[in-house]
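Q: I have a model open and would like to learn how to read it. Please take me through the features one at a time.

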Amino acid sequence: MRHLRTVLAVAALALVTAGCGSGKDQTATVASPSPGDTWQLLVSGSAVPRPTPSPFGTRPGMSDATLSASPDPSCSKLFTQSEAVLIPIEVTPISGGFKVEWPRQYDSNYRVTAVPQKLVSGPQPEPPWKDVPAGTGCTVSTTITGLTAGAAYIVWLDAPNTGYDLDGTRHLYSGRSGVVYPK
């Protein structure tokens, strides 16, 4: 054990004294460095490359457009679709609730809910969902009742079984309204 301490002390002393050179091998510090073996010369250029146009043309953006939004082209009912990723829904206030209508999405079943917009501190209550069968026409509709007249709600639509396109992307599977108020 004593020999180990001696060896460690000698090794530490050698390392400390090696850092303090005799002055013969010291290099001079220059105020302005010049390129050398340890420097890289960079060629200036554009920080951000310029975008190149796609060879396939531009893709039109989605605006507030009136379209069928139904996979069935024979449907004549038009809905205003404000976001390309949502199923458009029409919400009509009725006494103590809403009549909700949307274009049928393939053969999916649905569920709808009206989420109150009143602030609640703590954990949020789970809104009750209403199950709606697929239907056979161009549109599907249901009513939500038991709501507070004049209170603010957002109606949500869920269509979990709409399937996929050939390229693997999901068909539209949810929708929502803006803030609506039952009569």
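Q: What share of the residues of the chain count as buried?
A: Buried means under 20% relative accessible area, exposed over 50%, and partly exposed in between, with a 1.4 Å probe and protein chains only. Of the 183 residues here, 25% count as buried. The model is predicted: local features need pLDDT of at least 70, side-chain atom pairs count only at pLDDT 80 or more, and totals for chains, interfaces and linings use all residues. Residues are numbered from 1 along each chain as its sequence is written, and side-chain values use heavy atoms, with hydrogens and water left out.

Q: What does the accessible surface of the chain come to?
A: Accessible areas come from the Shrake-Rupley method with a 1.4 Å probe; for residues, only the protein chains shown count as cover. The chain has about 13,800 Å² of accessible surface, and 58% of that belongs to carbon and sulfur atoms.

Q: Which pattern does the chain follow along the sequence?
A: Helices (H or I, at least four residues) and strands (E, at least two) are DSSP runs, numbered from the N terminus. This chain has 1 helix and 9 strands, in the pattern α-β-β-β-β-β-β-β-β-β.

Q: What is the order of the strands in the open sheet?
A: Strands of a sheet pair through backbone hydrogen bonds, either parallel or antiparallel. Two strands pair if DSSP finds at least two bridges between them. The open sheet of 4 strands is ordered S6-S5-S8-S9, and its pairing is antiparallel. At the edges are S6 (130–132) and S9 (174–180), each of which pairs on one side only. On average, neighbouring strands of this sheet are turned by 20° against each other, direction ignored; for such angles, axes are lines fitted to C-alpha atoms, for helices over the stretch in contact, and angles run from 0 to 180 degrees between N-to-C directions.

Q: How many bridges join S5 to S8?
A: S5 (residues 110–116) and S8 (residues 153–158) are joined by 6 bridges and run antiparallel. Ala114 has Val155 of S8 opposite it, and Arg111 has Asp158 of S8. S5 also pairs with S6 in the antiparallel sense, over 3 bridges, with Val112 opposite Lys130.

Q: Which residues have the most contacts inside the largest nonpolar core?
A: In soluble globular proteins, nonpolar side chains tend to be buried together. A nonpolar core is a set of buried Ala, Val, Leu, Ile, Met, Phe, Trp, Tyr and Cys residues joined through side-chain atoms within 4.5 Å. The largest one here has 18 residues, and Phe98, Val100, Trp102 and Val155 have the most contacts inside it. S4 (97–103), S5, S7 (139–145) and S8 each supply at least two of its residues.

Q: What does Val155 touch?
A: Contact means heavy atoms within 4.5 Å. Not counting residues up to four places away in sequence, Val155 touches residues including Ile89, Phe98, Ala114, Ile144 and Val180.

Q: How many aromatic pairs are there?
A: Rings of Phe, Tyr and Trp (its six-membered ring) pair if their centres lie within 6.5 Å; planes under 30 degrees apart count as stacked, over 60 as edge-to-face and the rest as tilted. The count is 2 aromatic pairs. Phe98 and Tyr153 are edge-to-face, at 6.0 Å centre to centre and 75° between the planes. Phe98 is in S4 and Tyr153 in S8, so this pair ties together parts 55 residues apart in sequence. Trp102 and Tyr110 are also edge-to-face, at 5.2 Å and 65°, and both are buried.
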